[in-house]
Amino acid sequence: MNTIDAFELKNKKVLIRVDFNVPLNEQFEITDPTRINAAVPTIQKILKEGGAVILMSHLGRPKEGPEEKFSLKHLLPYLEEKLNTKVHFADDCIGDSAIQLSSDLTNGEVLLLENLRFYKEETKGDVEFAKKLASLGDMYVNDAFGTAHRAHASTAIIAEFFPNDKAFGYIMGNELENINKILKEPQRPLTAILGGAKVSGKIEIINNLIDKVDNLIIGGGMMFTFIKALGGKIGGSLVENELINTALEAIEKAKASNVNIYLPIDAIVANEFSNEAKTKLNSSYNIEDEWLGLDIGPETIKKYEDVILNSSSILWNGPMGVFEMSNFEEGTKRIALAVAKATEKGAFSLIGGGDSVAAINKYKLKDQVSYVSTGGGAMLEFIEGKELPGVTAVEK
Ligand code: AMP
């Protein structure tokens, strides 16, 4: 893979597309600096090798031009502290001041450009805008995995102005390497655990994974569309009737490809969608009308744990139940623990997608799994088998 490690960085002005889209409070203080912290190794490597760094990012969703609350200048104090150096700031990402500041930049120095999305040309993927950005540096590095699925000016289009001087930063490199451990030549058996609310959000993942995995474990709200497709009674549980055929096709396809597909045997059902609801343990195939399934049951958990502990590679996306409510978190928690235990036994485990990442963090297991993807939408599109413009632009 084309990471910065393969390049001479000395005396280069390296334009890095980072993802500094961090949450700010009303005083414009950063409330979660994870994304900035993640980019530090790439920045420091370039500085250490004798290059200069020009950082470009978006922040929030400005509508029409510059807006104070979306200014990247709010990030300067934190960034300077984190990098332990002065960071210059260009209050416009293109134009005279950006050109002057970048030309004045010397090796070992850092320049941060103002929010790229103050120009609508950024999200439009405008070539002229990309060219202006490109003119600020000698080399392009993409380290913003979170926006890799977008063909924006700074995430993809700009790369064409650096035919021989473009590379991935360490975040991108890590994400691609780890996701490829699942998608390309995984250690087998490979198990995918899919949960979350809806089949509709996951169907492309299911379709792309079905001929790659050995085991497909299904939980969460989406399990009921599958159970109904098999003729089960699901009461008031979440269902997407228009996807019943799709679910059946997935089951058929799994059978044809010799993939073991696991659906819950039992479920925790409730008389309303609330943590205060009355609950009981029920077969997942015979739920009465007044009840709805909000978690997988103990027999299912045992079966799923068994499959997970006998896997060599694991991909987990989506919770097993409504884990935000303590009465329906057992399934998600036990699956998270099983993934951690399998990892301890030597399996490779990848956690991806918002709510499974939230679950891993909630149970403090982040350091006990192999890799937690930061990618969100980009990660999902990648495992759906889609091409990511930000990746292709650097690779081609
Ligand atoms: P997703 O964003 O599609 O991964 O869905 C995550 C959401 O699915 C979480 O907020 C869970 O509370 C929700 N969820 C999981 N299981 C169920 C269920 N059985 N019924 C309703 N919602 C569920």
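In strand S5, Asn-142 is the bridge partner of Arg-17. Helices (H or I, at least four residues) and strands (E, at least two) are DSSP runs, numbered from the N terminus, and two strands pair if DSSP finds at least two bridges between them. The structure is a predicted model, in which local features need pLDDT of at least 70 and side-chain atom pairs count only at pLDDT 80 or more, while totals for chains, interfaces and linings use all residues. Residues are numbered from 1 along each chain as its sequence is written, and side-chain values use heavy atoms, with hydrogens and water left out.

The bridge between Arg-17 and Asn-142 belongs to the pairing of strand S1 (residues 13-17) with S5, which is parallel and has four bridges. S5 also pairs in the parallel sense with strand S6 (residues 166-168), over three bridges. Here Asn-142 stands opposite Phe-168. Within S5 (residues 139-142), Met-139 and Val-141 point one way, whereas Tyr-140 and Asn-142 point the other way. These residues of S5 are all buried, where buried means under 20% relative accessible area, exposed means over 50%, and partly exposed lies in between (1.4 Å probe, protein chains only). In a regular strand the side chains alternate between the two faces of the sheet.

The loop between S1 and helix H1 (34-48) contains Asn-25. This residue is partly exposed because its relative accessible area is 26%. The side chain of Asn-25 reaches the backbone nitrogen of Glu-29 at 2.8 Å. A polar contact is a pair of N or O atoms within 3.5 Å; within protein, one must be able to donate a hydrogen and the other to accept it, and residues adjacent in sequence count only if both atoms are side-chain atoms. Asn-25 and Gly-173 are 148 residues apart along the chain, and their C-alpha atoms are separated by 31 Å.

A further sheet is open and consists of six strands in the order S10-S8-S7-S15-S16-S17, with parallel pairing. Its edge strands, each pairing on one side only, are strand S10 (260-262) and strand S17 (371-372). Strands of a sheet pair through backbone hydrogen bonds, either parallel or antiparallel. S17 is joined to strand S16 (residues 348-351) by two bridges in the parallel sense, and Val-372 of S17 is the bridge partner of Ile-351.

Strand S7 (residues 190-194) is largely enclosed by the rest of the structure, because five of its five residues are buried. Leu-190, Ala-192 and Leu-194 cover one side of S7 and Thr-191 and Ile-193 the other, and all are buried. S7 runs parallel to strand S15 (residues 313-317), to which five bridges join it; in S15, Ile-314 is the bridge partner of Thr-191. Four bridges join S7 to strand S8 (residues 215-218), also in parallel, and Ala-192 stands opposite Leu-216 in S8.

The ligand is surrounded by 15 residues, the closest being Ala-197, Gly-221, Gly-293, Glu-324 and Asp-355; a residue is counted as near if one of its heavy atoms lies within 4 Å. A nitrogen atom of the ligand lies 3.1 Å from a backbone N or O atom of Gly-221. An oxygen atom of the ligand lies 2.4 Å from a polar side-chain atom of Glu-324. For Asp-355, an N or O atom in the side chain is 3.4 Å from an oxygen atom of the ligand. Taken alone, the ligand exposes 510 Å², of which the protein buries 78% (Shrake-Rupley method with a 1.4 Å probe).

Several loop residues have backbone features of note. The peptide bond from Arg-188 to Pro-189 is cis, with omega near 0°, and Pro-189 lies in the loop between helix H6 (170-183) and S7. Most residues other than glycine have a negative phi, and most peptide bonds are trans. Asn-258, which is not a glycine, has a positive phi of about 60°. It is found in the loop between helix H9 (244-256) and S10 and counts as exposed because its relative accessibility is 69%. Lys-364 also has a positive phi, near 55°. This residue lies in the loop between helix H12 (354-362) and S17, and at 70% relative accessibility Lys-364 counts as exposed.
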